[in-house]
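User: I'm new to reading protein structures and would like a close look at one part. Could you walk me through it slowly?

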Amino acid sequence: MKATGLAIAAASVAGASAHAIFQKLAVNGVDQGTSCIRLPQGPSANFPVTLVSSNDIRCNVGGSTGVSGVCSVPAGGTITVEMHPTYSAADQSCDVEAIGGAHHGPVQVYMQKVTDATTADGSGSWFKVYAEGLISGYNAGYWATDKMNANCGKVNVVVPSGLAPGNYLVRAEVIALHAAFQPNGAQFYITCYQINVTGSGTATPSGVLLPGAYSPNDPGIYWDLYRSFDSYPLPGPTVYTGGSGPVSTTTGTTLRTTTTTSTTSATARTTTPSSTTRASTTTTTTTTVSTTRATTTSSTTTTGSSGTGAPLWGQCGGIGWTGPTTCASGKCVSTNAYYSQCQP
Ligand SMILES: *[C@@H]1O[C@H](CO)[C@@H](O)[C@H](O)[C@H]1NC(C)=O
Ligand SMILES: [Cu+2]
């Protein structure tokens with residue numbers, strides 16, 4: 001059982017299918033479609049961000065550009081962010097792991113108050129409203145990502161009830177730690193959502209800047225998954241609890257004791273042959289990924305998204321899609337029933 005698991009994990013890590021995208025939003029259980037989601041675009045849409053010093057750490061590659069929709073959320077309500085490997089209907093099935101390939105790690109959700117969610121670039125102050133990290137075990141252990149996989153990719157987050165009304169960006173993040181034993185090896189899977197909080201609250205929680213809040217050397221970012229540990233320090237600020245409501249704070253407080261990650265990692269990795277094999281496989285994959293992505297990024301960003309029609313690589317149709325159905329550049333090609341994309 002264990003050997004099989006490792007074999008599958010190692011095989012999946014080598015493939016792009018191990019990557020994933022937060023791509024759906026429900027508000028109090030009602031699906032909101034995709035019009036208020038800054039969906040990562042293009043062939044590398046499900047690739048991770050690895051440089052925490054990059055502006056991409058805010059809302060992923062291309063995520064500084066807004067989309068047309070804003071989803072209304074009552075303060076104190078529950079939003080459900082949902083992750084899947086790709087946008088294909090097959091990959092949205094509960095039978096497919098939301099994030100596979102031994103991509104264990106924490107799930108965190110931040111919010112930022114903005115003047116206009118459709119244009120905000122994410123440069124303001126982010127406060128954390130949800131965080132869950134290690135749940136049990138070690139090497140690799142059972143993590144928030146595993147719990148999310150068991151829940152069909154869904155993570156429920158309470159929007160603090162006392163929040164001042166207005167526009168916000170919501171930033172959902174998975175930090176996959178399978179390659180985090182090396183600097184810049186942690187993989188950040190990020191999607192931002194545009195919401196309008198309604199209610200009569202007055203709270204404007206203080207937060208942190210991104211980039212800024214994360215360092216490549218944070219113990220929860222430079223982290224060897226393949227060793228013994230009994231806690232995990234979540235990167236970034238603690239969860240805002242001032243607004244009441246059952247925000248998941250348990251992991252944030254109990255898991256803040258670990259240190260000396262980097263010093264133990266070298267020894268831990270060389271002790272088991274299986275870990276060593278997996279480590280080198282992962283390293284190779286990560287390098288390839290970064291290179292490919294960098295190339296894609298420059299062409300995607302320069303395309304822009306103003307004017308009529310979806311940008312190149314943007315979504316232009318599919319079941320539930322309420323955005324543009326024409327392309328400002330390229331032509332609209334149906335990938336599946338749920339996703340059409342502007343392609344050159
Ligand atoms: C946000 O909600 C308020 C209160 O319901 C409303 O007046 C405002 O128009 C909404 N803004 C957006 C962008 O939806
Ligand atoms: Cu991956």
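In which strand does Val 174 lie? And what is around it there?

Analyst: Before we start, keep in mind that this is a predicted model. Val 174 lies in strand β11. Is it buried or exposed? Val 174 counts as buried, because its relative accessibility is 0% and the cut-off for buried is under 20%.

Now for its surroundings. If you leave aside the neighbours within four places in sequence, Val 174 is in contact with Phe 22, Met 83, Ile 99, Pro 106, Val 107, Thr 145, Met 148, Gln 187, Phe 188 and Tyr 189. Thr 191 makes a handy distance check: Val 174 and Thr 191 are 17 residues apart in sequence, and their C-alpha atoms are 9.5 Å apart in space.

Let's follow one of those contacts, Phe 22. Not counting residues up to four places away in sequence, Phe 22 touches Val 174 along with others, including Leu 39, Val 81, Glu 82, Met 83, Val 107, Met 148, Ala 172, Glu 173 and Thr 191. Phe 22 is also among the residues with the most contacts inside the largest nonpolar core, together with Leu 25, Met 83, Met 111 and Met 148. That core has 41 residues, and strand β11, which covers residues 166-176, gives it its largest share, five residues. There is also a second, separate core of 32 residues, which includes Ile 57, Leu 177, Trp 223 and Tyr 226.

Side chains of opposite charge can pair when their charged atoms come close. The structure holds three salt bridges, so let's take them in turn.

Begin with Glu 173, one of the residues that Phe 22 touches. Glu 173 forms a salt bridge with Arg 171, and the closest N and O atoms are 2.7 Å apart. Glu 173 counts as buried at 0% relative accessibility, and Arg 171 is buried as well, with a relative accessible area of 0%.

Next comes Glu 82, another residue touched by Phe 22. The side chain of Glu 82 meets that of Lys 154 in a salt bridge, at 3.3 Å from N to O. This pair links distant parts of the chain, with Glu 82 in strand β5 (residues 78-84) and Lys 154 in strand β10 (residues 154-158), 72 residues apart. How do the two partners compare with the cut-offs? Glu 82 counts as buried because its relative accessibility is 10%, whereas Lys 154 is partly exposed at 34%.

The remaining bridge joins the side chains of Glu 132 and Lys 147, at 2.9 Å from N to O. Here too the pair links distant parts of the chain: Glu 132 sits in strand β7 (residues 127-132) and Lys 147 in helix α3 (residues 144-150), 15 residues apart. Glu 132 is buried, with a relative accessible area of 8%, while Lys 147 counts as partly exposed at 38%.

One more stop takes us to the ligand. Ligand 1 is surrounded by Asn 167, Asn 196 and Thr 198. A polar side-chain atom of Asn 196 lies 2.3 Å from an oxygen atom of ligand 1. On its own, ligand 1 has 360 Å² of accessible area, and the protein covers 31% of that.

How values were computed
Residues numbered from 1 in each chain as written. Chains lettered and ligands numbered in written order. Predicted model: local features only at pLDDT ≥ 70, side-chain atom pairs only at ≥ 80, totals over all residues. Heavy atoms only, no water. Salt bridge = Lys/Arg side-chain N within 4 Å of Asp/Glu carboxyl O. Helix = DSSP H or I, 4+ residues; strand = E, 2+ residues; numbered from the N terminus. Buried < 20%, exposed > 50% of the residue type's maximum accessible area, 1.4 Å probe, protein only. Near = heavy atom within 4 Å. Polar contact = N/O pair within 3.5 Å; in protein donor to acceptor, adjacent residues only side chain to side chain. Areas by Shrake-Rupley, 256 points an atom, 1.4 Å probe, with all protein chains shown as cover. Core = buried A, V, L, I, M, F, W, Y, C linked by side-chain atoms within 4.5 Å. Contact = heavy atoms within 4.5 Å.
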